[in-house]
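Keep the structure open as you read.

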Amino acid sequence: MKRTFLGEFEEVVLLVLAACADDAYGVVIWEQLQQQTGRSITISAVHATLYRLEEKGYLSSQLGGATAERGGRRKRYFALTALGSKALLEIQAMRQQLWQAIPDGKLQLIGQ
């Protein structure tokens, strides 16, 4: 079985998108990323990652309707694909396996 390898930022973007109740667009994802991670992130980094994840097949996107508040521009809404969901589940399983492999008390010893 082919393993899924994503960068940490790609993984977090996928997780934020998966946590959204509906399809989300770049600004919503960007705001949630900053809130959830406590990091200062540029919107261009988010858009570049969203498009890269779409090229890899983890996301799909579609244009919404034009709105007056955006000067007639349309929003691009992103949604997790089946491949994206599978990738997140594989990453979750791998991380759980790694966490379970850490002997009891080992992390407390490292900090002392």
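Axes here are lines fitted to C-alpha atoms, for helices over the stretch in contact, and angles run from 0 to 180 degrees between N-to-C directions. Two packed helices are described by the angle between their axes and the distance between the axes. The model is predicted.

Start with helix α1, residues 8–19, and helix α4, residues 82–101. Their axes lie 11 Å apart, and the packing angle is about 115 degrees. Angles of 65 to 115 degrees count as roughly perpendicular, so α1 is roughly perpendicular to α4. The crossing of α1 past α4 is left-handed. On the α1 side, Glu11, Leu14, Leu15 and Ala18 make the contact.

Now turn to α1 and helix α2, residues 26–37. These axes come within 10 Å and cross at roughly 110 degrees. Therefore α1 is roughly perpendicular to α2. The crossing of α1 and α2 is right-handed. From α1, the contact takes Phe9, Val12, Val13, Val16 and Leu17. From α2 come Ile29, Gln32, Leu33 and Thr37. Seven of the residues in the contact of α1 with α2 are nonpolar, two are polar and none is charged.

Next, follow α2 to α3. The axes of α2 and α3 are 10 Å apart, at an angle of about 115 degrees. So α2 is roughly perpendicular to α3. The crossing of α2 and α3 is right-handed. In α2, Gly26, Val27, Ile29, Trp30 and Leu33 meet Ile43, Val46, His47 and Leu50 of α3. The contact of α2 with α3 has seven nonpolar residues, two polar and no charged ones.

What sits in the largest nonpolar core? This core has 20 residues. Leu14, Ile29, Leu33, Leu50, Leu53 and Leu59 touch the most other members. Helices α1, α2, α3 (43–55) and α4 each supply at least two residues of the core. The most come from α1, which gives five.

Finish at leucine 53. Leaving aside neighbours within four places in sequence, leucine 53 is in contact with Leu6, Glu10, Val13, Leu14, Tyr58 and Leu59.

Technical notes
Residues numbered from 1 in each chain as written. Predicted model: local features only at pLDDT ≥ 70, side-chain atom pairs only at ≥ 80, totals over all residues. Heavy atoms only, no water. Helix = DSSP H or I, 4+ residues; strand = E, 2+ residues; numbered from the N terminus. Parallel < 35°, antiparallel > 145°, perpendicular 65-115°, else oblique. Left-handed = near helix turned anticlockwise from the far one by under 90°. Contact = heavy atoms within 4.5 Å. Nonpolar A, V, L, I, M, F, W, Y, C, P; charged D, E, K, R; others polar. Core = buried A, V, L, I, M, F, W, Y, C linked by side-chain atoms within 4.5 Å. Buried < 20%, exposed > 50% of the residue type's maximum accessible area, 1.4 Å probe, protein only.
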